[in-house]
Amino acid sequence: MHRVVITGAGTINALASNVPGTMQAMRDGVCGIGPLDFRDTDRLSIRIGGQVHGFTPENHFNRQQLSLYDRFTQFALVAAREAIVQSGLTFDDELAMRTGVILGTAGGGIGTSDDNYRAVYEEGKNRVHPFVVPRLMNSAAASHISMEWNLQGPSFTVSTACASSNHAMAQAFAFVRSGVSPVMITGGSESMLCFGGVKAWEGLRVMSRDACRPFSANRNGMVQGEGAGIFVFEEYEHAKARGADILCEVSGFSMTSDASDIVMPSRDGAVRAMRGALQNAGIDRSEVGYINAHGTGTAANDRTECAAVREIFGSHADALMISSTKSMHGHAIGATGAVELLACIMALRDGVVAPTIGHEQHDPECDLDVVPNEAREARVTVALSNAFAFGGMNAVLALRAV
Amino acid sequence: MDIERQVIEIIAEQAMIPPEDVHLDSTPESLGIDSLGLVESIFAIEETFDISVPFNANNPEESDFDISSVAQIVAGIKRLKAEQG
(Lines give C-alpha, C1' and ligand atoms only; values in the text may rest on other atoms or scores of the structure.)
Protein backbone atom coordinates (compact mmCIF):
# COMPACT_ATOMS: atom_id res chain seq x y z
CA MET A 1 0.00 0.00 0.00
CA HIS A 2 1.36 3.36 -1.05
CA ARG A 3 0.69 6.74 0.48
CA VAL A 4 -1.13 9.14 -1.86
CA VAL A 5 -0.71 12.90 -2.01
CA ILE A 6 -2.15 15.73 -4.06
CA THR A 7 0.47 17.65 -6.03
CA GLY A 8 -1.70 19.76 -8.30
CA ALA A 9 -5.12 21.39 -8.21
CA GLY A 10 -7.15 23.24 -10.81
CA THR A 11 -10.66 24.60 -11.02
CA ILE A 12 -13.14 26.82 -12.70
CA ASN A 13 -16.41 27.55 -10.93
CA ALA A 14 -18.77 30.40 -10.14
CA LEU A 15 -16.29 31.90 -7.68
CA ALA A 16 -13.20 32.06 -9.90
CA SER A 17 -11.44 30.53 -12.86
CA ASN A 18 -8.52 29.16 -10.85
CA VAL A 19 -7.59 27.75 -7.44
CA PRO A 20 -6.07 30.87 -5.81
CA GLY A 21 -9.10 32.95 -6.80
CA THR A 22 -11.52 30.30 -5.53
CA MET A 23 -9.76 29.98 -2.19
CA GLN A 24 -9.65 33.73 -1.79
CA ALA A 25 -13.39 33.91 -2.48
CA MET A 26 -14.00 31.14 0.06
CA ARG A 27 -11.94 33.04 2.65
CA ASP A 28 -13.94 36.17 1.94
CA GLY A 29 -17.30 34.39 1.99
CA VAL A 30 -18.13 35.56 -1.51
CA CYS A 31 -21.44 34.45 -3.00
CA GLY A 32 -21.04 33.34 -6.62
CA ILE A 33 -24.76 32.70 -7.03
CA GLY A 34 -26.73 35.14 -9.14
CA PRO A 35 -29.22 35.49 -11.99
CA LEU A 36 -28.89 32.82 -14.68
CA ASP A 37 -27.86 34.11 -18.07
CA PHE A 38 -28.70 31.87 -21.02
CA ARG A 39 -31.39 31.38 -23.62
CA ASP A 40 -35.02 31.13 -22.46
CA THR A 41 -34.50 31.83 -18.75
CA ASP A 42 -37.83 33.70 -18.94
CA ARG A 43 -39.48 30.27 -19.23
CA LEU A 44 -37.87 29.03 -16.02
CA SER A 45 -39.32 29.37 -12.56
CA ILE A 46 -35.85 28.96 -11.02
CA ARG A 47 -33.65 31.78 -12.30
CA ILE A 48 -30.59 31.73 -10.07
CA GLY A 49 -27.49 29.59 -10.14
CA GLY A 50 -23.77 29.43 -9.55
CA GLN A 51 -22.96 30.11 -13.18
CA VAL A 52 -19.46 30.61 -14.56
CA HIS A 53 -19.36 34.10 -16.08
CA GLY A 54 -16.64 35.73 -18.13
CA PHE A 55 -15.33 32.46 -19.53
CA THR A 56 -14.30 32.92 -23.17
CA PRO A 57 -13.68 29.50 -24.72
CA GLU A 58 -11.92 31.07 -27.72
CA ASN A 59 -9.14 32.21 -25.37
CA HIS A 60 -8.37 28.59 -24.52
CA PHE A 61 -9.21 26.51 -27.59
CA ASN A 62 -8.98 26.73 -31.35
CA ARG A 63 -11.94 26.41 -33.71
CA GLN A 64 -11.49 22.70 -34.36
CA GLN A 65 -11.22 21.96 -30.66
CA LEU A 66 -14.32 24.02 -29.93
CA SER A 67 -16.33 22.02 -32.44
CA LEU A 68 -15.54 18.92 -30.34
CA TYR A 69 -15.75 20.29 -26.79
CA ASP A 70 -18.97 20.65 -24.87
CA ARG A 71 -18.78 23.22 -22.08
CA PHE A 72 -18.22 20.48 -19.47
CA THR A 73 -15.16 19.29 -21.44
CA GLN A 74 -13.89 22.86 -21.73
CA PHE A 75 -14.14 23.28 -17.96
CA ALA A 76 -12.30 20.01 -17.36
CA LEU A 77 -9.48 20.87 -19.77
CA VAL A 78 -8.94 24.34 -18.31
CA ALA A 79 -8.87 22.98 -14.75
CA ALA A 80 -6.59 20.09 -15.75
CA ARG A 81 -4.10 22.53 -17.27
CA GLU A 82 -3.89 24.43 -13.99
CA ALA A 83 -3.50 21.24 -11.94
CA ILE A 84 -0.93 19.53 -14.13
CA VAL A 85 1.15 22.65 -14.63
CA GLN A 86 1.22 23.14 -10.86
CA SER A 87 2.31 19.53 -10.33
CA GLY A 88 5.31 20.09 -12.60
CA LEU A 89 4.91 16.62 -14.09
CA THR A 90 5.68 15.82 -17.70
CA PHE A 91 4.23 12.66 -19.12
CA ASP A 92 6.46 10.55 -21.27
CA ASP A 93 7.80 7.01 -21.34
CA GLU A 94 6.58 4.78 -18.52
CA LEU A 95 4.81 7.54 -16.60
CA ALA A 96 2.70 8.34 -19.66
CA MET A 97 1.87 4.64 -20.12
CA ARG A 98 0.67 4.26 -16.53
CA THR A 99 -1.05 7.57 -15.79
CA GLY A 100 -4.77 7.78 -16.44
CA VAL A 101 -7.78 10.04 -15.92
CA ILE A 102 -10.83 9.27 -13.79
CA LEU A 103 -13.50 11.93 -13.78
CA GLY A 104 -17.00 12.26 -12.44
CA THR A 105 -19.94 13.89 -14.19
CA ALA A 106 -23.67 13.53 -13.82
CA GLY A 107 -24.92 15.15 -17.01
CA GLY A 108 -21.91 15.03 -19.33
CA GLY A 109 -22.54 17.08 -22.43
CA ILE A 110 -26.08 18.00 -21.52
CA GLY A 111 -25.72 21.41 -23.18
CA THR A 112 -24.97 19.66 -26.47
CA SER A 113 -28.04 17.45 -26.05
CA ASP A 114 -30.13 20.49 -25.21
CA ASP A 115 -28.96 22.47 -28.25
CA ASN A 116 -29.50 19.61 -30.66
CA TYR A 117 -32.86 18.49 -29.31
CA ARG A 118 -33.89 22.09 -29.74
CA ALA A 119 -32.66 22.02 -33.33
CA VAL A 120 -34.51 18.85 -34.31
CA TYR A 121 -37.66 19.16 -32.18
CA GLU A 122 -38.26 22.89 -31.89
CA GLU A 123 -36.71 24.16 -35.10
CA GLY A 124 -37.62 21.09 -37.11
CA LYS A 125 -34.15 20.57 -38.53
CA ASN A 126 -33.41 17.13 -39.88
CA ARG A 127 -29.65 17.29 -39.68
CA VAL A 128 -27.31 17.78 -36.72
CA HIS A 129 -23.59 18.50 -36.55
CA PRO A 130 -21.52 15.31 -36.95
CA PHE A 131 -19.82 15.71 -33.56
CA VAL A 132 -22.91 15.57 -31.39
CA VAL A 133 -22.04 12.14 -30.02
CA PRO A 134 -18.35 12.78 -29.26
CA ARG A 135 -19.38 16.05 -27.60
CA LEU A 136 -22.14 14.76 -25.39
CA MET A 137 -20.68 11.46 -24.18
CA ASN A 138 -20.00 11.45 -20.45
CA SER A 139 -16.44 10.27 -20.98
CA ALA A 140 -15.51 13.05 -23.42
CA ALA A 141 -13.80 15.23 -20.82
CA ALA A 142 -11.63 12.37 -19.55
CA SER A 143 -10.75 11.44 -23.12
CA HIS A 144 -9.68 14.94 -24.07
CA ILE A 145 -7.52 15.32 -20.96
CA SER A 146 -5.83 12.03 -21.81
CA MET A 147 -5.19 13.25 -25.37
CA GLU A 148 -3.95 16.70 -24.39
CA TRP A 149 -1.45 15.27 -21.88
CA ASN A 150 -0.53 11.95 -23.49
CA LEU A 151 -1.94 9.89 -20.61
CA GLN A 152 -2.15 6.30 -21.78
CA GLY A 153 -3.07 4.48 -18.57
CA PRO A 154 -6.52 3.56 -17.20
CA SER A 155 -9.08 6.28 -17.94
CA PHE A 156 -12.83 6.36 -17.51
CA THR A 157 -15.73 8.37 -16.17
CA VAL A 158 -18.04 7.52 -13.31
CA SER A 159 -21.53 8.86 -12.93
CA THR A 160 -23.21 8.73 -9.55
CA ALA A 161 -25.25 11.93 -9.65
CA CYS A 162 -24.08 14.37 -6.97
CA ALA A 163 -21.36 12.04 -5.68
CA SER A 164 -19.75 11.48 -9.11
CA SER A 165 -16.51 13.30 -8.49
CA ASN A 166 -16.03 11.82 -5.02
CA HIS A 167 -16.49 8.34 -6.44
CA ALA A 168 -14.03 9.24 -9.20
CA MET A 169 -11.41 10.60 -6.80
CA ALA A 170 -11.84 7.63 -4.46
CA GLN A 171 -11.23 5.30 -7.37
CA ALA A 172 -8.16 7.26 -8.49
CA PHE A 173 -6.89 7.16 -4.93
CA ALA A 174 -7.33 3.39 -4.85
CA PHE A 175 -5.37 3.05 -8.11
CA VAL A 176 -2.41 5.00 -6.78
CA ARG A 177 -2.53 3.44 -3.33
CA SER A 178 -2.54 -0.08 -4.72
CA GLY A 179 0.24 0.57 -7.22
CA VAL A 180 -1.82 0.36 -10.41
CA SER A 181 -0.60 3.85 -11.36
CA PRO A 182 1.95 6.19 -9.78
CA VAL A 183 -0.08 9.22 -10.85
CA MET A 184 -3.75 9.73 -11.66
CA ILE A 185 -5.58 12.83 -12.88
CA THR A 186 -8.97 12.98 -11.23
CA GLY A 187 -11.92 15.14 -10.22
CA GLY A 188 -15.11 16.09 -11.95
CA SER A 189 -16.79 18.46 -14.35
CA GLU A 190 -20.36 19.57 -14.83
CA SER A 191 -22.21 22.09 -16.95
CA MET A 192 -25.92 21.56 -16.43
CA LEU A 193 -26.87 25.23 -16.41
CA CYS A 194 -28.81 25.27 -19.66
CA PHE A 195 -32.54 25.48 -20.24
CA GLY A 196 -33.15 21.73 -20.21
CA GLY A 197 -30.79 21.13 -17.32
CA VAL A 198 -32.46 23.63 -15.02
CA LYS A 199 -35.96 22.75 -16.24
CA ALA A 200 -35.38 19.14 -15.22
CA TRP A 201 -34.27 20.16 -11.72
CA GLU A 202 -37.25 22.48 -11.37
CA GLY A 203 -39.51 19.48 -11.67
CA LEU A 204 -38.30 18.02 -8.40
CA ARG A 205 -39.37 21.14 -6.45
CA VAL A 206 -36.23 21.09 -4.33
CA MET A 207 -34.69 24.26 -5.75
CA SER A 208 -34.48 27.57 -3.95
CA ARG A 209 -35.63 30.66 -5.80
CA ASP A 210 -33.48 33.04 -3.79
CA ALA A 211 -30.40 31.54 -2.08
CA CYS A 212 -28.60 28.44 -0.88
CA ARG A 213 -28.62 28.56 2.95
CA PRO A 214 -27.27 25.24 4.23
CA PHE A 215 -28.00 24.41 7.89
CA SER A 216 -29.97 27.64 8.35
CA ALA A 217 -33.47 27.09 9.76
CA ASN A 218 -34.95 29.16 6.93
CA ARG A 219 -33.20 27.19 4.16
CA ASN A 220 -35.48 26.48 1.24
CA GLY A 221 -33.62 24.29 -1.17
CA MET A 222 -30.57 23.84 -3.33
CA VAL A 223 -29.08 26.08 -6.00
CA GLN A 224 -27.36 24.59 -9.01
CA GLY A 225 -23.80 25.47 -9.90
CA GLU A 226 -21.36 24.40 -12.59
CA GLY A 227 -17.65 24.03 -13.09
CA ALA A 228 -14.79 21.61 -12.66
CA GLY A 229 -12.21 20.58 -10.11
CA ILE A 230 -9.23 18.54 -11.27
CA PHE A 231 -6.38 17.14 -9.16
CA VAL A 232 -3.11 15.33 -9.56
CA PHE A 233 -3.02 12.34 -7.20
CA GLU A 234 0.53 11.07 -6.87
CA GLU A 235 2.28 8.32 -4.97
CA TYR A 236 4.05 9.95 -2.01
CA GLU A 237 7.58 8.63 -2.64
CA HIS A 238 7.29 9.56 -6.31
CA ALA A 239 6.31 13.11 -5.34
CA LYS A 240 8.97 13.38 -2.65
CA ALA A 241 11.73 12.10 -4.92
CA ARG A 242 11.14 14.90 -7.39
CA GLY A 243 10.69 17.55 -4.71
CA ALA A 244 7.07 18.25 -5.56
CA ASP A 245 4.99 20.71 -3.56
CA ILE A 246 2.53 18.52 -1.65
CA LEU A 247 -0.87 20.11 -1.00
CA CYS A 248 -2.16 17.39 1.33
CA GLU A 249 -2.44 13.65 1.71
CA VAL A 250 -5.42 11.57 0.68
CA SER A 251 -5.56 8.91 3.37
CA GLY A 252 -8.74 6.94 2.87
CA PHE A 253 -12.17 6.64 1.39
CA SER A 254 -15.43 4.82 1.72
CA MET A 255 -18.36 4.20 -0.58
CA THR A 256 -21.75 3.01 0.64
CA SER A 257 -25.23 2.63 -0.78
CA ASP A 258 -28.38 3.41 1.18
CA ALA A 259 -30.34 0.82 -0.77
CA SER A 260 -33.50 2.58 0.29
CA ASP A 261 -34.79 5.55 -1.72
CA ILE A 262 -34.08 7.22 -5.06
CA VAL A 263 -34.11 10.76 -3.64
CA MET A 264 -34.38 10.76 0.17
CA PRO A 265 -31.08 10.57 2.07
CA SER A 266 -30.44 8.01 4.76
CA ARG A 267 -28.68 8.69 8.01
CA ASP A 268 -27.40 5.15 8.19
CA GLY A 269 -25.82 5.31 4.72
CA ALA A 270 -24.08 8.56 5.62
CA VAL A 271 -22.88 7.18 8.95
CA ARG A 272 -21.43 4.10 7.33
CA ALA A 273 -19.70 6.19 4.66
CA MET A 274 -18.01 8.61 7.07
CA ARG A 275 -17.12 5.88 9.56
CA GLY A 276 -15.82 3.71 6.75
CA ALA A 277 -13.56 6.48 5.46
CA LEU A 278 -12.03 6.93 8.92
CA GLN A 279 -11.45 3.21 9.26
CA ASN A 280 -10.02 2.96 5.77
CA ALA A 281 -7.62 5.81 6.53
CA GLY A 282 -6.71 4.55 9.98
CA ILE A 283 -7.84 7.82 11.52
CA ASP A 284 -9.29 8.18 15.00
CA ARG A 285 -12.47 10.25 14.96
CA SER A 286 -11.02 12.64 17.52
CA GLU A 287 -8.47 13.79 14.92
CA VAL A 288 -11.11 15.18 12.54
CA GLY A 289 -11.13 18.96 12.64
CA TYR A 290 -13.18 19.80 9.55
CA ILE A 291 -15.90 18.20 7.48
CA ASN A 292 -16.78 19.64 4.12
CA ALA A 293 -20.47 18.79 4.19
CA HIS A 294 -22.62 17.64 1.35
CA GLY A 295 -24.82 20.43 2.77
CA THR A 296 -27.17 21.01 -0.14
CA GLY A 297 -29.49 23.42 1.66
CA THR A 298 -32.48 21.11 1.42
CA ALA A 299 -34.43 20.37 4.58
CA ALA A 300 -33.81 16.64 4.35
CA ASN A 301 -30.11 16.53 3.51
CA ASP A 302 -28.84 18.96 6.10
CA ARG A 303 -30.89 17.49 8.94
CA THR A 304 -29.84 13.94 8.05
CA GLU A 305 -26.18 14.82 7.56
CA CYS A 306 -25.96 16.58 10.93
CA ALA A 307 -27.61 13.66 12.68
CA ALA A 308 -25.11 11.32 11.04
CA VAL A 309 -22.17 13.44 12.19
CA ARG A 310 -23.58 13.53 15.72
CA GLU A 311 -23.98 9.75 15.74
CA ILE A 312 -20.40 9.07 14.63
CA PHE A 313 -18.53 11.69 16.56
CA GLY A 314 -20.52 11.89 19.80
CA SER A 315 -19.17 14.69 21.98
CA HIS A 316 -16.35 15.38 19.49
CA ALA A 317 -19.06 16.61 17.10
CA ASP A 318 -19.09 19.84 19.14
CA ALA A 319 -15.34 20.28 18.69
CA LEU A 320 -15.17 19.97 14.92
CA MET A 321 -16.23 22.39 12.19
CA ILE A 322 -18.54 21.51 9.32
CA SER A 323 -19.35 23.84 6.47
CA SER A 324 -21.05 23.79 3.10
CA THR A 325 -19.34 25.81 0.40
CA LYS A 326 -22.33 25.14 -1.88
CA SER A 327 -23.67 28.33 -0.31
CA MET A 328 -21.01 30.14 -2.36
CA HIS A 329 -20.45 28.19 -5.61
CA GLY A 330 -23.78 26.38 -5.79
CA HIS A 331 -24.25 22.66 -6.16
CA ALA A 332 -21.97 21.71 -9.02
CA ILE A 333 -23.68 18.29 -9.19
CA GLY A 334 -21.19 15.74 -10.53
CA ALA A 335 -18.27 18.15 -10.05
CA THR A 336 -19.22 19.38 -6.65
CA GLY A 337 -17.04 17.10 -4.54
CA ALA A 338 -14.04 18.12 -6.61
CA VAL A 339 -14.67 21.85 -6.22
CA GLU A 340 -15.30 21.31 -2.51
CA LEU A 341 -12.07 19.39 -2.06
CA LEU A 342 -10.42 22.79 -2.42
CA ALA A 343 -12.00 23.84 0.88
CA CYS A 344 -10.44 20.78 2.52
CA ILE A 345 -7.03 21.61 1.05
CA MET A 346 -7.35 25.20 2.26
CA ALA A 347 -8.17 24.00 5.78
CA LEU A 348 -5.34 21.47 5.90
CA ARG A 349 -2.62 23.50 4.17
CA ASP A 350 -3.50 27.10 4.96
CA GLY A 351 -5.37 26.71 8.24
CA VAL A 352 -8.43 28.54 6.92
CA VAL A 353 -11.86 26.95 7.18
CA ALA A 354 -14.35 28.09 4.54
CA PRO A 355 -17.65 29.37 5.88
CA THR A 356 -21.26 28.40 5.27
CA ILE A 357 -22.58 31.70 4.00
CA GLY A 358 -26.26 32.67 3.95
CA HIS A 359 -26.67 31.29 7.46
CA GLU A 360 -29.43 33.35 9.03
CA GLN A 361 -31.25 31.28 11.65
CA HIS A 362 -30.04 28.59 13.99
CA ASP A 363 -31.67 25.23 13.36
CA PRO A 364 -31.81 22.89 16.38
CA GLU A 365 -31.73 19.98 13.94
CA CYS A 366 -28.37 21.22 12.60
CA ASP A 367 -26.81 21.84 15.97
CA LEU A 368 -23.14 21.80 14.96
CA ASP A 369 -20.46 24.41 14.37
CA VAL A 370 -21.31 25.16 10.75
CA VAL A 371 -18.81 28.06 10.52
CA PRO A 372 -21.58 30.55 9.80
CA ASN A 373 -20.91 33.35 7.36
CA GLU A 374 -17.24 34.03 8.11
CA ALA A 375 -14.15 31.96 7.43
CA ARG A 376 -12.14 30.93 10.44
CA GLU A 377 -8.47 30.35 11.08
CA ALA A 378 -7.82 27.01 12.71
CA ARG A 379 -5.22 24.30 12.71
CA VAL A 380 -6.78 21.29 11.01
CA THR A 381 -4.89 18.02 10.59
CA VAL A 382 -7.66 15.78 9.27
CA ALA A 383 -10.62 16.67 7.04
CA LEU A 384 -13.48 14.68 5.53
CA SER A 385 -15.27 15.49 2.29
CA ASN A 386 -18.83 14.20 2.06
CA ALA A 387 -20.92 13.46 -1.00
CA PHE A 388 -24.33 11.84 -0.64
CA ALA A 389 -26.04 11.43 -3.97
CA PHE A 390 -29.58 10.86 -5.14
CA GLY A 391 -30.11 7.15 -5.30
CA GLY A 392 -28.31 6.74 -2.00
CA MET A 393 -24.80 6.47 -3.40
CA ASN A 394 -22.36 7.92 -0.92
CA ALA A 395 -18.63 8.56 -1.18
CA VAL A 396 -16.47 10.13 1.52
CA LEU A 397 -12.79 11.01 1.29
CA ALA A 398 -10.46 11.39 4.27
CA LEU A 399 -7.57 13.83 3.92
CA ARG A 400 -4.64 14.68 6.12
CA ALA A 401 -2.26 17.62 6.36
CA VAL A 402 1.32 16.84 5.34
CA MET B 1 -21.43 32.66 -55.36
CA ASP B 2 -20.80 29.62 -57.54
CA ILE B 3 -20.64 26.12 -56.15
CA GLU B 4 -16.93 25.75 -56.81
CA ARG B 5 -16.10 28.88 -54.82
CA GLN B 6 -18.30 27.84 -51.91
CA VAL B 7 -16.81 24.33 -51.75
CA ILE B 8 -13.31 25.74 -51.80
CA GLU B 9 -14.18 28.00 -48.88
CA ILE B 10 -15.64 25.13 -46.87
CA ILE B 11 -12.61 22.94 -47.53
CA ALA B 12 -10.19 25.78 -46.78
CA GLU B 13 -11.86 26.46 -43.46
CA GLN B 14 -11.59 22.80 -42.50
CA ALA B 15 -7.94 22.64 -43.56
CA MET B 16 -7.28 26.00 -41.88
CA ILE B 17 -5.53 27.37 -44.96
CA PRO B 18 -6.30 30.29 -47.29
CA PRO B 19 -8.81 29.49 -50.08
CA GLU B 20 -6.12 30.31 -52.67
CA ASP B 21 -4.25 27.20 -51.55
CA VAL B 22 -7.17 24.92 -52.37
CA HIS B 23 -7.27 23.77 -55.99
CA LEU B 24 -9.69 21.70 -58.00
CA ASP B 25 -7.29 18.78 -58.04
CA SER B 26 -6.55 18.99 -54.30
CA THR B 27 -7.45 15.88 -52.33
CA PRO B 28 -8.65 15.98 -48.72
CA GLU B 29 -5.54 14.06 -47.64
CA SER B 30 -3.20 16.47 -49.40
CA LEU B 31 -4.82 19.32 -47.48
CA GLY B 32 -4.44 17.52 -44.16
CA ILE B 33 -8.16 16.93 -43.62
CA ASP B 34 -8.66 13.87 -41.40
CA SER B 35 -11.74 11.66 -41.19
CA LEU B 36 -13.51 13.88 -38.66
CA GLY B 37 -12.71 16.94 -40.76
CA LEU B 38 -14.16 15.19 -43.78
CA VAL B 39 -17.40 14.41 -41.97
CA GLU B 40 -17.60 18.01 -40.81
CA SER B 41 -17.04 19.19 -44.40
CA ILE B 42 -19.87 16.99 -45.63
CA PHE B 43 -22.10 18.50 -42.94
CA ALA B 44 -21.16 22.02 -44.03
CA ILE B 45 -21.86 21.12 -47.66
CA GLU B 46 -25.28 19.75 -46.75
CA GLU B 47 -26.11 22.88 -44.77
CA THR B 48 -24.82 25.24 -47.45
CA PHE B 49 -26.51 23.63 -50.45
CA ASP B 50 -29.53 22.18 -48.66
CA ILE B 51 -28.88 18.72 -49.97
CA SER B 52 -28.43 15.30 -48.42
CA VAL B 53 -25.04 13.80 -49.24
CA PRO B 54 -24.91 9.98 -49.34
CA PHE B 55 -21.55 9.76 -47.62
CA ASN B 56 -20.66 6.72 -45.53
CA ALA B 57 -17.77 7.45 -43.18
CA ASN B 58 -17.29 3.71 -42.55
CA ASN B 59 -16.28 3.17 -46.10
CA PRO B 60 -15.88 6.41 -48.06
CA GLU B 61 -14.78 4.61 -51.24
CA GLU B 62 -18.10 2.81 -51.50
CA SER B 63 -20.24 5.92 -50.97
CA ASP B 64 -22.32 7.25 -53.83
CA PHE B 65 -20.43 10.47 -53.42
CA ASP B 66 -16.90 10.88 -54.70
CA ILE B 67 -14.73 12.90 -52.35
CA SER B 68 -11.40 12.07 -53.97
CA SER B 69 -10.82 15.67 -55.08
CA VAL B 70 -12.37 19.12 -54.89
CA ALA B 71 -13.48 18.81 -58.53
CA GLN B 72 -15.24 15.51 -57.79
CA ILE B 73 -16.98 17.02 -54.78
CA VAL B 74 -18.21 19.95 -56.87
CA ALA B 75 -19.46 17.56 -59.56
CA GLY B 76 -21.23 15.49 -56.94
CA ILE B 77 -22.96 18.52 -55.47
CA LYS B 78 -24.16 19.63 -58.90
CA ARG B 79 -25.58 16.17 -59.53
CA LEU B 80 -27.31 16.09 -56.12
CA LYS B 81 -28.74 19.57 -56.54
CA ALA B 82 -30.18 18.52 -59.89
CA GLU B 83 -31.65 15.35 -58.38
CA GLN B 84 -32.87 16.81 -55.07
CA GLY B 85 -33.57 20.39 -56.10
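Student: Which domains make up chain A?
Tutor: Chain A splits into domain 1 (4-241) and domain 2 (253-400). The bounds of domains come from an automatic or database domain assignment. This is a predicted model, in which local features need pLDDT of at least 70, side-chain atom pairs count only at pLDDT 80 or more, and totals for chains, interfaces and linings use all residues. Residues are numbered from 1 along each chain as its sequence is written, while chains are lettered from A and ligands numbered from 1 in the order in which they are written.

Student: How many residues does the contact take from domain 1 and domain 2 of chain A?
Tutor: Two residues are in contact if their C-beta atoms, placed from the backbone, lie within 7 Å. Here, the contact takes 62 residues from domain 1 of chain A and 56 residues from domain 2 of chain A. The centres of these domains, taken over C-alpha atoms, are 21 Å apart.

Student: Which element gives the largest share of the domain 1 side?
Tutor: Elements are DSSP runs numbered from the N terminus: helices (H or I, at least four residues) and strands (E, at least two). On the side of domain 1 of chain A that touches domain 2 of chain A, α8(A) gives the largest share, seven residues.

Student: What does I345(A) contact?
Tutor: Leaving aside neighbours within four places in sequence, I345(A) is in contact with I6(A), A9(A), L247(A) and C248(A).

Student: What is the strand order in the open sheet?
Tutor: Strands of a sheet pair through backbone hydrogen bonds, either parallel or antiparallel. Pairing requires that DSSP finds at least two bridges between two strands. The 10 strands of chain A run β5-β4-β6-β7-β1-β8-β14-β13-β9-β10, with mixed pairing. At the edges, β5 (156-158) and β10 (321-323) of chain A each have a single partner strand, so one side of each is left without a neighbour in the sheet.

Student: How many bridges join β4 and β6 of chain A?
Tutor: Strand β4 (residues 100-104) of chain A pairs with β6(A) in the parallel sense over five bridges. L103(A) stands opposite G187(A) in β6(A).
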